[in-house]
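Welcome, and thank you for taking a look at this protein with us. Take a moment to turn the model around before reading on.

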Amino acid sequence: MKELYTKWRSNNLPNYLLEELDSILQDEKAIEDRFYQYVSFGTGGMRGVLGAGTNRMNIFTIRRVSEGLARYIESNGEEAKKRGVVLAYDTRHFSREFAVETASVLGAHGITTYIYKEPRPTPQLSYTVRELNAFAGVVITASHNPKQYNGFKVYGEDGAQLVPTGAKQIVQHMEQIEDIFEIVVEDIEKLESQGYVKWILDELDAKFMDNLLTLKENSAIDSEMKIVYSPLHGAGLVPVTEGLKQFGFSNVHLVEEQAIQDGAFPTVSYPNPEEPAAFKLAMELGEKVGAELLLATDPDADRLGVAVRNGANYELLTGNQLGALLLHYLFQTHLHNGTLPANGVMIKTIVTAELGAKIAAHYNTDVINTLTGFKYIAEKIEEFEKSGERTFLFGYEESYGYLIKTFARDKDAVQVALKVAEMAAYYSKAGQSLLDVLNDLHKEFGYHKEALVSQVFEGKDGQEQMNAILNKIRENIPSEIAGIPVARVEDYLSSVATLADGLTLDITLPKENAIKIVLANDAWIAIRPSGTEPKCKYYFGVVAESDEEASLLIKKIKSGVL
């Protein structure tokens, strides 16, 4: 590691990277943290802290992953190179620079790139890959992570995050690079003149908006309902505000302080719409203008947070609650319009609540569970589109990711923001709030409550510690938790589900280091390492006859696990 550190310091680094390395000259732990590995590339790409070193996001590690992607595209022939790559980026520090750096490496291989002139959301990148018939796509983003992070997400020709086989090939090409400082980078202006770099914006914005407007299916709404929207300094600003306008909402109030596209995210410590603190300014503005609905998108606008008025205050809906509300509204709309398909399917992840599954069953619609990660939902969409066997109706995961229409193949906060506004305005006209509707669903299907607890494991030993937690459970499978018998244990690494009587069943999903424990009362616990953060995540879900009972039950089960 010291040798790598010395090599980096001796190369022609930008001043800000060299200054960082100089500042840790006597700090062996800091050197180790920056050089003990390369930023890992998972099935969707890579994400890490900005800074100097192999274990940081910087122009050199961007060149390395871009070189791996370029070689992967070359291995697929000249046609793949001509079809090229779409590049988008959010508002984070270095996002545009990293996008240009990526194009410079790809162009050196004779690969065409289409780059957005301005920050645009991840779902728009997904859409554009398909619209331009590109071979791949890249979005520079760290999604909802804190400001010190950035990332590199890779998409396949279907507009979905790259599947594991493709990701593995890119990693293999990356590992064959002997010297990160010898990667060829071509001048961007030269590539423009040669036609290898094409800048895009207005035409694709218009086409994306045309698709968004197909979501408008209900005119019986309160179009004057007061809405507050915050892009949290991110890329959702243009499409969400324009979409709400074109949907006919005349009373939309923008949180101006958070409409400034700034990668420092100056008004929030964590630009995550799952966090109540991210809604502080939106709530203040909501109080001022008397808004019924508050919307917030994360920096790359693939996650949507929603808060609704509850008396004198605002209540933030969970991802599971919003997913259930959307699903119910979509079914109601389909029934009213006579468009509910007989072969419809709803897709959710294994850690997403069961309320949505019960709603789908009520409407005679099948439910498919996938592993965590929207790429698996997208994979099923592509499969059904080719076979015609099923009609996709809705897909979601508990972490605020939803998809309604398949012109995008990743979670899409833009289209869902518009649909949530329509949904809230529809119920508002009928004299109901979203909380009223949610309470009705609980009365009909049971009071569902979920919780998520994350334990952080930073540094070199973090992954080993998380693996040890999962392995300990495998070696000592519990027969009960908090006095409640265990009915089934699903091990997604071994692809085996073990029932209480010892009977085993095969799990027909890709292997993943995750375990789900289902209790006799239909409560469940799932444990998995995060794919994007150094965290071990514990998911809890219960159902009871009242909200109070559900709250007590989930507290009891959490205490029995943690």
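The paragraphs below visit a sheet, a pocket and a hairpin in turn.

This is a predicted model, in which local features need pLDDT of at least 70 and side-chain atom pairs count only at pLDDT 80 or more, while totals for chains, interfaces and linings use all residues. Residues are numbered from 1 along each chain as its sequence is written, and side-chain values use heavy atoms, with hydrogens and water left out.

Let us begin with an open sheet of 6 strands, arranged in the order S1-S5-S4-S2-S3-S6 with mixed pairing. Strands (E, at least two residues) and helices (H or I, at least four) are DSSP runs numbered from the N terminus, and two strands pair if DSSP finds at least two bridges between them. Strand S1 (45-49) and strand S6 (197-200) each have a single partner strand, so one side of each is left without a neighbour in the sheet. Within this sheet, strand S4 (residues 136-140) and strand S5 (residues 149-155) pair in the antiparallel sense over 4 bridges. There, valine 139 has lysine 153 in S5 as its bridge partner. Helix H6 (residues 95-108) packs on the sheet and touches S2, S3, S4, S5 and S6, where contact means heavy atoms within 4.5 Å.

A pocket here is an open set of points on a 1 Å grid over the protein atoms alone, where a 1.4 Å probe fits, with protein on both sides within 12 Å along at least five of seven lines; lining residues have an atom within 4 Å of a point. Of the 31 lining residues, the closest to the centre are Ile350, Asn369, Glu490, Tyr492 and Lys516. Helix H15 gives the most to this lining, with 4 residues.

Our last stop is strand S14 (residues 391-397). Strand S12 (residues 344-349) runs parallel to S14, joined by 5 bridges, and methionine 346 stands opposite phenylalanine 394. S14 also pairs with strand S15 (residues 401-403), in the antiparallel sense over 3 bridges. Here glutamate 397 stands opposite glycine 401. This hairpin has 3 residues between the strands, and tyrosine 400 takes a positive phi near 65°.

Conventions
Axes are lines fitted to C-alpha atoms, for helices over the stretch in contact, and angles run from 0 to 180 degrees between N-to-C directions.
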